[in-house]
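Okay, thanks for coming, everyone. Let me put the model up, and then I'll walk you through a few spots in it.

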Amino acid sequence: MKASSHDEFREFVAMRSTALLRLAVLLTGGDRHAAEDLLQIALMKAYGRWAHIEQPEAYVRQVLYRQQVNRWRLRRHRAETTVPVLPESDREADTGSDSELRVALWAALGQLTKRQRAVVVLRYFEDLPESEVAALLGCPVGTVRSTAHRSLAKLRALVPDLGPEGHGEQAQPLSYASKGVQG
């Protein structure tokens, strides 16, 4: 790699790594260590093809999505799973304020399956159309729709303050909550 390309890559990483790490954390369900690993893999792949990449951020995001999909397809079972809240602390959070709602949403995202979490993050946090989500995840659009529907229902059950429940309503339950997660 030429010195100028190397400098461009370093500049890209310095400017965009925080936002990309935030996305990786969402995709991994709050597991920061897994998110750092995921981002590292994506950046390594981008570095190897840097001279040929026209839209670096789009390329890295796509690698993040695909790597995460590959991780949940492998279905590696671990004896121990990290969770943000210990099971002993069975207290209900007052989700009246935005910050408490973000914390509750964060915890609820961690309780979704990896596929559900990927669909919710891509569809509502990244605001991608169903067809793009389906293409990234390698599944039909109908699967994205049904997974999104079930995921939102589960999130509403876990965090009732997210939005109205009901079939056929065009509510955007994550729109006000996701603004805080992005910041």
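**The chain as a whole**

So, let's start with the contacts in the protein chain that have a separation of 6 or more: residues 24 or more positions apart account for 61% of them. Contact here means heavy atoms within 4.5 Å. Before I go on, some housekeeping: this is a predicted model, where local features need pLDDT of at least 70 and side-chain atom pairs count only at pLDDT 80 or more, while totals for chains, interfaces and linings use all residues. Residues are numbered from 1 along each chain as its sequence is written, and side-chain values use heavy atoms, with hydrogens and water left out.

What does the secondary structure come to? Eight helices and zero strands. Both are DSSP runs numbered from the N terminus, with helices being H or I over at least four residues and strands being E over at least two. Of the 183 residues in the chain, 37% are buried. For that word, the cut-off is under 20% relative accessible area; exposed is over 50%, and partly exposed is in between, with a 1.4 Å probe and protein chains only.

**Helix α2**

Okay, α2 covers residues 32-48. Its 17 residues reach 24 Å from first C-alpha to last, close to the 24 Å expected at 1.5 Å a residue; the expected span is 1.5 Å times one less than the number of residues. At the start of α2, a side-chain oxygen of Asp-31 comes within 3.3 Å of the backbone nitrogen of His-33. That's a polar contact: a pair of N or O atoms within 3.5 Å, where within protein one must be able to donate a hydrogen and the other to accept it, and residues adjacent in sequence count only if both atoms are side-chain atoms.

Buried residues in α2 include Leu-38, Leu-39 and Leu-43. Ala-34 is buried too, at 16% relative accessible area. Leaving out residues up to four places away in sequence, Ala-34 touches Thr-28 and Arg-71. Ala-34 also sits 8.2 Å from Ala-24, C-alpha to C-alpha, with the two ten residues apart in sequence.

**α4 against α5**

Next, α4 (residues 98-111) and α5 (residues 114-125): their axes come within 9 Å and cross at roughly 135°. The axes are lines fitted to C-alpha atoms, for helices over the stretch in contact, and the angles run from 0 to 180 degrees between N-to-C directions. So α4 is oblique to α5, since under 35 degrees is roughly parallel, over 145 roughly antiparallel, 65 to 115 roughly perpendicular, and the rest oblique.

Who makes the contact? From α4, it's Leu-105, Leu-109 and Gly-110, and from α5, Arg-117, Val-120 and Phe-125. Leu-105 and Leu-109 are among the buried residues of α4.

**Two more residues**

Moving along, Asp-127 is in the loop between α5 and α6. Asp-127 has a positive phi of about 60°, although it is not a glycine. Is Asp-127 buried or exposed? Exposed, at 61% relative accessibility.

Last one: Thr-147, in helix α7, residues 141-158. The Thr-147 side chain reaches the backbone oxygen of Thr-143 at 2.7 Å. Setting aside neighbours within four places in sequence, Thr-147 is in contact with Arg-115, Gln-116 and Val-119.
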